[in-house]
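Here is a friendly walk through one structure, helix by helix. Keep the sequence and the 3D view open while you read.

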Amino acid sequence: MKVVFFGTPEFAVGTLAALLNAKIDVVAVVTAPDKPAGRGQNMQPSAVKKFALENNLPILQPEKLKNQDFIHTLTSYQADLFIVVAFRMLPEMIWQMPKNGTFNVHASLLPQYRGAAPINWALINGENETGVTTFFLKHEIDTGNIIAQKAVNILPEDNFSSLYQKLMKEGAELAVATCELIKNNQVNATPQPLAISGNVPLKHAPKIFKDLGIVNWEKDALHHHNLIRGLFPQPGVSIILKNDAQQKSIAIKLLASYLADPLQQLPTRNFSVIEKQPALIFDDLPLVIKELQPAGKPKMSGKDFLNGIKLDEAWYWASA
């Protein structure tokens with residue numbers, strides 16, 4: 001069974017590597033065009049392109065997916081199956097091309113968390129479970145018939161980076177298992193339900209923007225704890241620590257936190273020190289910052305940060 005693989009970021013590399021390890025015949029890889037990056041704005045290949053080059057796989061990088069030269073080349077591979085992981089939306093003329101169809105690996109338990117950022121939003125919403133799904137493509141994004149799913153527990157200590165790694169591994173394994181089902185004509189794909197049992201609403205996973213990571217004092221400590229987990233390391237939760245008396249203002253990215261016990265008496269300002277670490281004081285609970293990154297500096301522990309500033313009662317948090 002000949003396969004063409006579509007993918008761009010590191011998450012997709014996990015699946016491509018697993019396919020090769022399983023001796024699945026990947027005849028070509030389609031990935032995004034090289035893009036300028038870094039201070040020098042030098043052209044950089046995608047993670048998938050780097051891996052494909054290392055493994056001597058043919059690479060296609062179309063600017064436009066309906067380009068006739070690209071379509072002609074793609075057709076020439078006569079692939080039996082297309083596999084998509086973290087790639088842009090495919091035109092129907094492409095996903096209908098192979099005789100066995102095109103399946104996608106999505107990092108959620110569909111129909112929950114359709115969209116571009118399912119890992120982020122599962123953490124932001126404080127979920128205890130997520131997973132991976134393989135499904136056949138259709139017109140509406142992330143709505144095709146489900147082939148297989150695997151649930152994954154979200155641990156209290158998980159953030160985006162750790163959950164990303166777990167889902168990348170599980171997604172890769174599920175993709176290989178899905179290929180075997182297709183190869184052996186054992187697929188029993190089922191339509192996605194219109195709702196979840198128990199009247200649980202469907203939750204979506206739209207693209208993440210930087211302004212999502214701004215502290216909102218009208219929301220509680222748990223909301224911000226989960227926001228820090230879900231936006232680590234990028235774009236992160238941003239805040240400013242100010243001291244008007246010292247004429248200091250420090251832009252900070254919050255990287256790791258925990259919820260502390262309620263204070264018997266709330267400070268008059270929203271800044272406090274708990275267990276030698278900086279804390280944000282919300283109406284319900286203090287949020288202690290274990291790790292942070294001041295602008296222009298490397299990440300550091302909350303304790304090390306406090307050791308580097310002159311502490312007094314005038315410090316307070318301001319929204320970025």
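How many of the ten residues of helix 7 (residues 221-230) are buried? Eight of the ten are, so helix 7 is largely enclosed by the rest of the structure. Buried here means under 20% relative accessible area, exposed means over 50%, and partly exposed is in between (1.4 Å probe, protein chains only). Helices (H or I, at least four residues) and strands (E, at least two) are DSSP runs, numbered from the N terminus.

A word on the source: this is a predicted model, in which local features need pLDDT of at least 70 and side-chain atom pairs count only at pLDDT 80 or more, while totals for chains, interfaces and linings use all residues. Residues are numbered from 1 along each chain as its sequence is written, and side-chain values use heavy atoms, with hydrogens and water left out.

**Helix 7**

The buried residues of helix 7 are Ala 221, His 224, His 225, Asn 226, Leu 227, Ile 228, Arg 229 and Gly 230. Their cover includes helix 5 (118-124) and helix 6 (160-183), along with strand 10 (237-243), strand 11 (248-259) and strand 14 (286-294).

**Helix 3**

Helix 3 (residues 68-76) has Phe 70, Ile 71 and Leu 74 buried. Because these residues cover an arc of only 100 degrees around the axis, they sit on the same side of helix 3; the arc is that of the directions from the helix axis to the C-beta atoms. On the other side of helix 3, Gln 68, Asp 69 and His 72 are exposed. The buried residues pack against strand 1 (2-7), strand 2 (25-30), strand 5 (59-60), strand 6 (81-85) and helix 4 (92-95). After helix 3 comes Gln 78, with a positive phi near 50 degrees.

Helices 3 and 7 each have a side-chain oxygen reaching a backbone nitrogen at the start, as the table lists.

| Helix | Side-chain oxygen | Backbone nitrogen | Distance |
|---|---|---|---|
| Helix 3 | Asn 67 | Asp 69 | within 2.9 Å |
| Helix 7 | Asp 220 | Leu 222 | within 3.4 Å |

**Helix 1 against helix 6**

Two packed helices are described by the angle between their axes and the distance between the axes. Helix 1 (residues 10-21) packs with helix 6 at an angle of about 40 degrees, and their axes are 8 Å apart. Axes are lines fitted to C-alpha atoms, for helices over the stretch in contact, and angles run from 0 to 180 degrees between N-to-C directions. From helix 1, the residues making the contact (heavy atoms within 4.5 Å) include Phe 11, Gly 14 and Ala 18, and from helix 6 they include Met 168, Gly 171 and Ala 175.

Lys 49 lies in helix 2 (residues 47-54). Is Lys 49 buried or exposed? At 14% relative accessibility, Lys 49 counts as buried. Leaving aside neighbours within four places in sequence, Lys 49 is in contact with Thr 31, Asp 34, Ile 59 and Gln 61.

Lys 50 is also placed in helix 2, and with a relative accessible area of 42% Lys 50 is partly exposed. Lys 50 and Glu 10 are 40 residues apart in sequence and 9.9 Å apart in space, C-alpha to C-alpha.

Pro 278, in strand 13 (residues 277-281), is buried, with a relative accessible area of 0%. Not counting residues up to four places away in sequence, Pro 278 touches several residues, among them Phe 271, Leu 287, Ile 289 and Trp 317.

Key: Polar contact = N/O pair within 3.5 Å; in protein donor to acceptor, adjacent residues only side chain to side chain.
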